[in-house]
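Hi everyone, thanks for making the time. I'd like to walk you through a helix pair, a pocket and a cavity. Have a look at the model first.

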Amino acid sequence: MTSKVIRRLNATDTNFDGQLKQLLAWEAVANERVEATVAEILQQVRTRGDAAVIEYTNRFDRRHLTQAEDFLLTPQVLGEALRRIGSEEREALEISARRVREYHEHQKQESWRYTEADGTVLGQQITPMERVGIYVPGGKASYPSSVLMNAIPAKVAGVDSVTMVVPAPEGEISDLVLAAAAIAGVDRVLTIGGAQAVAALAYGTETIAPVDKIVGPGNIYVASAKRSVFGHVAIDMIAGPSEILVICDGATDPDWIAMDLLSQAEHDEQAQSILLCPDAEFLDAVESSLQRQLAELPRASIAAKSLLDRGALILVDSLEQAMKISNRIAPEHLEVSVADPESLLPKIRHAGAIFLGRYTAEALGDYCAGPNHVLPTSGTARFSSPLGVYDFQKRSSIIFCSPQGADQLGRVAATLARGEGLEAHARSAAFRVKK
């Protein structure tokens with residue numbers, strides 16, 4: 001039957017593959033008008049610098065900037081915001097920051113090398129990036145968690161300078177966001193957003209140093225700008241709508257599972273919430289709970305459209321089948337709410353973050369569990385990973401030949417180079433060969 005709240009699918013139906021493909025279909029919202037607008041903004045900022053940034057910020061964010069200093073925040077401003085927020089909010093930010101930092105400390109990679117029998121040394125040198133820019137949505141919206149998740153791994157990696165851009169429509173900006181920047185150790189905060197902020201980070205202006213990498217979420221213009229500057233600078237990813245996939249054996253409280261689905265649906269109308277379960281009666285219970293709890297949410301209209309357009313309760317014939325479907329979907333967030341989640345863990349091939357057990361709500365990962373909440377979406381978990389310290393470290397190969405090593409490797413290289421018709425390569429290698 002067709003639910004008024006969320007669709008119901010059966011994985012044993014002959015047309016299930018087509019239904020699933022249709023359910024998952026999503027392409028980044030892009031059109032010629034957006035692309036043309038972004039291209040113009042990028043070009044103007046690249047050629048006119050601060051003047052273009054000020055012009056676009058005044059136009060799009062309804063500001064009255066006259067000089068670059070107007071959008072630069074001092075460390076004192078961040079410290080004042082930290083003092084203004086409530087003690088409970090500050091404690092929550094500090095606990096979250098500590099957990100995120102401790103988790104990411106485990107990701108640090110170290111340089112290594114080894115010496116071969118002839119004395120030749122091979123290895124890898126790990127170095128942090130010099131400058132990184134993080135984009136944080138701003139205005140009346142408050143996303144301090146985005147500040148922590150993007151800035152802290154960069155600082156743990158040893159990045160020299162972290163610049164944060166955050167829009168402040170009509171001059172409004174959240175104290176929580178600024179407080180999070182202070183706690184995370186952000187070096188510079190600029191109250192600019194949109195494609196002009198991405199351009200400023202990528203190309204630099206008179207007052208903004210260009211960065212090596214840009215990370216963080218944004219709207220369609222930000223996503224389009226990040227895509228356009230990729231190659232000139234690195235980016236983290238082009239993120240799609242938030243997703244959750246729950247695999248449940250039918251023994252978890254249905255209210256818990258329903259609220260887990262709603263926690264993603266309330267993000268925006270394009271967010272996706274899917275439940276896989278072999279118990280039809282449990283799916284009925286979750287559906288009823290969704291109907292009841294949805295009405296109580298402040299963002300009920302957003303969540304309702306998300307569930308109706310992109311959500312699904314899917315009946316599977318077994319947890320084994322659920323695992324196969326999950327790997328096909330490659331979800332951003334995967335909850336494994338079963339009696340023995342560890343037994344299923346080895347079978348999970350593709351997922352951005354995995355939440356094991358009945359008591360592990362996905363929302364904990366969004367804020368304070370420790371692992372990063374910047375995750376691959378839209379099936380890209382098949383080949384992508386969460387944001388982490390490794391995204392802010394570079395690897396350089398080390399080759400240090402001994403005379404004996406140069407003799408042996410030179411002969412091999414010269415032979416291969418001549419086979420490729422590259423005589424200068426061959427002679428370069430052969431000059432070190434013992435006569």
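Okay, start with helix α5, residues 87–105, and helix α6, residues 144–157: their axes come within 9 Å and cross at roughly 35°. Axes here are lines fitted to C-alpha atoms over the stretch in contact, with angles from 0 to 180 degrees between N-to-C directions. Helices are DSSP runs of H or I, at least four residues, strands are E runs of at least two, and both are numbered from the N terminus.

Before I go on, the housekeeping: this is a predicted model, where local features need pLDDT of at least 70 and side-chain atom pairs count only at pLDDT 80 or more, while totals for chains, interfaces and linings use all residues. Residues are numbered from 1 along each chain as its sequence is written, and side-chain values use heavy atoms, with hydrogens and water left out.

Back to the pair. Who touches whom? On the α5 side you have L93, S96, A97, V100, R101, H104 and E105, meeting P144, L148, M149, I152, P153 and V156 in α6, where contact means heavy atoms within 4.5 Å. By class, that contact has 9 nonpolar, 2 polar and 2 charged residues. Nonpolar is Ala, Val, Leu, Ile, Met, Phe, Trp, Tyr, Cys and Pro, charged is Asp, Glu, Lys and Arg, and the others, Gly among them, are polar.

α5 also turns up in the second largest pocket, along with β14 (353–356) and α15 (362–367), each supplying at least two lining residues. There are 22 residues in that lining, with Y103, A353, I354, P371 and N372 nearest the centre. The pocket lining splits into 12 nonpolar, 8 polar and 2 charged residues.

Now the cavity. The largest one is lined by L24, E243, I244, L245, Q272, I274, I329 and P331. β10 gives the largest share of that lining, 3 residues.

One of those lining residues, I329, is also among the buried residues of helix α13, residues 319–329, buried being under 20% relative accessible area with a 1.4 Å probe, protein chains only. The cover over the buried residues of α13 includes β10 (243–248) and β11 (272–277).

Methods. 1 Å grid on protein atoms, 1.4 Å probe; cavity = no way out; pocket = protein on both sides within 12 Å on 5 of 7 lines; lining within 4 Å. Buried < 20%, exposed > 50% of the residue type's maximum accessible area, 1.4 Å probe, protein only.
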